[in-house]
Amino acid sequence: MAESTAGPDAVPPEAGRRDFLKILAMAGGAVGVGSVVWPLLGALTPGAGGKAQARPIINVSDIAENSAKAVQWAGLPILIRRLTDQQIAVASVVAMADLPDPAEVSSRVAPGNRHFVVVVGLNTGIPCQLEGNSPTDPRGHYDGWVCPCDGSEYDVLGRVRSGPAKYNLAIPRFTFINNNQIQLG
Amino acid sequence: MMRRFFASLLAGGLLAGVGAHAQDTLAPLRFQSDGVFGSIDLAAAQRGFAVYQGVCASCHGMKALHYRDLEALGLTPEQVAGIAAGVKLADGHAATPNSRFKQPPLVSRGGAVPPDLSSIVAQRSGGTHYIYDFLTGFGPAPAGVTLLTGHSYNGAFPGGQVAMPAVLHDNAVAYADGTKATTAQEAADVAEFLTWSADPNLSTRHAVGVRAVIFFAFLVIVAVLTKRRIWRERG
Amino acid sequence: MRVEAKQGWLASRVPGFTCVRDMLCESRSPGAPWLATLPTLLAAMLVLLLASGVVLAPFYDPRHAYAALQTIMRDVPGGWLVLSYHQIGASLAFALLYLHLFRILLVRGYRAPAEFGWMLWVKLLVVLLLAGWMGFVLNGGVGGHSSLFNAVNAAMLLPGIPGAVAMWVFGGASGGATLARLLVFHALLALCAAWIILMAFAADKKARPVLQGPGVPFWPIYAAQYFAALSVLALVFAVLLGFVPHWGQGTQNTIPAATAVIPAAISYPWYLTPAAGLAGAFPGVAGHICAMILAAALLYALPWLDRSRGARHGRVYMALTWLLGVDVLMLGLVTAFPMGGVLPKLLGLWFYFHFLVLTPLVTMMEAA
């Protein structure tokens, strides 16, 4: 086929075939070098260990009702609380007008697992770690978390209810991989 | 003449390497992972994990492995999460897919410490077949052999007696895929599982190797033809 | 042309650049044999070793060496492949260097004016042997660990401040601190090897006879030959990588050094076995050390041990050189598969006898 592309008289068929061979050799060389170098670059991308660190899996089955768990993730304290049916009922009847930063219950709990609240445990006013997670901590007037630095109070869903803070607690990205475990990130 | 000498030297070295591996196939049993083109039998390795988890794990750790690594055996992330959730770690919490395999409490049987099994197939000469032979090698001591206290007779073990008792027996585990759990089947499955754990990339390596050899063989032909043509015309 | 003007600009400011450009672009004598590509193939392997070493280094942990290698093989994406690049690259680099050195011996390419090039190749051998041994130790397996243990003990016995080398080079008893040092030396030696091979290329170019008549250009004549040789090397590499990745790498490093196992005989990678065999030719630790230094010194001094003063090849010399090749090969084999007896010692001593006695004698007789 290389011969047929060459002109009938202008170029001897030999030259056409050589050009084809040369192009083939060069292309092959490029593919060869590329396929050797590619794994070297690939090895520098995050591996299973790095991914596990970036997106940790947390067991939530061991959290009792009305108690909570705190984990560190990406330098942030993540608070996970399991609510009682009564707490959800109380939280759902709060009028939106009473909230500084109105948010429905459905927007604050995990879809499909309404009993779990997962929030970043940092006050939205003065950045300060919240209290209310461990059983001995004060939980404030709204049964949620309080800020020991500026006195802001949050309810069980992490919605701000009083104090200098103006916004609800941030919700990190997470998914339930089954009923017992959530994956952050 | 020199050229031919070096070529034969190179070929001889390669053949010797291939020969050393091909010996494995002489044993009575054949594993899918045997030989230079072998690959891991995923179904067998999954059953082998069940045997490890049900029998071996009470004494032997596999600290190089995480539960998430089992996804490479064809288990879904949900199945792996389920397996991990069923394991209670030493700190009392359930394992997650990112946990390393649970370390058994350190037991010592008269000074003999059960070895970690992560790379055992690479560490024992005979590899996969040795593991099978060892696990099926227990039996009554022949006349004239005096066993040390707490030791069992095992024909495959160097020295003939080992501090580990015979642990595999028929129906030691119930296989999820309905395979009949005979002692030999369990031993073969666990051997395949340990082959995978010692070299998780065995299948990939062989697949990559076949593709690379075909490609570079083709490139050698093209390159040598190109060189000869160029040299004939200009050299 | 613009490109030429640019090259001229660069060449007038960077002396090394002219050197590299000349190496590639100058006219050469036609019809160089395939074996003349060995140094280039070796350079390619060194580049691969450097590149894969750079990728491996961030994942290596001298204080948990074995676990770090397990992580590289199991958790780093494609880490097993990069590790194989490094291991098989080392294997092939040694194979190419040994072949090249043997070829120089056969064609007597070490004589003036090429003796400086020869000395550089010997230096490269010494540097690669050291780096290769360190790589073997850095695996964190039982084999490497017991070899390191022996080396530290030997260093304790060196004259001078008691244990100076052992303390300052090895950082005391063999452990994580030692491996941390060896990792740095391993990398430094790799850079040294890169520098030495560039120097060797330059020296060999200077030693080439002046072209009689028109030469042939590098492109495309020699480029095609190098490319073909490289693809053959790549094919060999692919076979090793895919099907016998651990061939000749020593069998003991699969077992972590932490377990208290001391092997009866250390199973070295194949490329260290001739050197280990030569060291064993003299008794005692001091003997081993002296033997290694003497072997390197003899190779280094070969241009002066050869008394032929430019005479043509003699048949006896050729026969003796082939015998030496067989001797070194056998020495490697009996070190890899220890058999006891007097044969390993004899094979080792033959090497010294060859260079100290036979070479001066035979070359003098054949020149006369």
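At what angle do helix α3 and helix α9 of chain C pack, and how far apart are their axes? I will come to that after a word on the model.

This is a predicted model, in which local features need pLDDT of at least 70, side-chain atom pairs count only at pLDDT 80 or more, and totals for chains, interfaces and linings use all residues. Residues are numbered from 1 along each chain as its sequence is written, with chains lettered from A and ligands numbered from 1 in the order in which they are written.

Now the helix pair. Helix α3 (residues 38-56) and helix α9 (residues 176-207) of chain C pack at about 155 degrees, their axes 11 Å apart. Helices here are DSSP runs of H or I with at least four residues, strands are runs of E with at least two, and both are numbered from the N terminus. Axes are lines fitted to C-alpha atoms, for helices over the stretch in contact, and angles run from 0 to 180 degrees between N-to-C directions. α3(C) and α9(C) are therefore roughly antiparallel, a term for angles over 145 degrees. Their contact includes C:Leu42, C:Leu46 and C:Gly53 from α3(C), and C:Ala190, C:Ile197 and C:Phe201 from α9(C). Contact means C-beta atoms, placed from the backbone, within 7 Å. The residues of this contact divide into 12 nonpolar, one polar and no charged. Nonpolar covers Ala, Val, Leu, Ile, Met, Phe, Trp, Tyr, Cys and Pro; charged covers Asp, Glu, Lys and Arg; the others, Gly among them, are polar.

Next, what touches chain C. From chain B, 34 residues are in contact with 31 residues of chain C. On the chain B side, α1 (2-22), α4 (120-123) and α7 (202-234) each give two or more residues, and α7(B) has the largest share, 18 residues. That side has 21 nonpolar, nine polar and four charged residues.

For chain A, 12 residues are in contact with 13 of chain C. α2 (13-42) and α3 (48-54) of chain A give two or more residues each, with α2(A) giving the most, six. The chain A side divides into six nonpolar, six polar and no charged residues.

Last, a sheet in chain A. Three strands form an open antiparallel sheet in the order β5-β6-β7, where pairing takes at least two DSSP bridges. β5 (143-146) and β7 (160-162) of chain A are the edge strands, each pairing on one side only. Neighbouring strands are turned by 40 degrees against each other on average, direction ignored. β5(A) pairs with β6(A), residues 153-155, over three bridges, and A:Val146 stands opposite A:Glu153 in β6(A).

How values were computed: Contact = placed C-beta atoms within 7 Å. Parallel < 35°, antiparallel > 145°, perpendicular 65-115°, else oblique.
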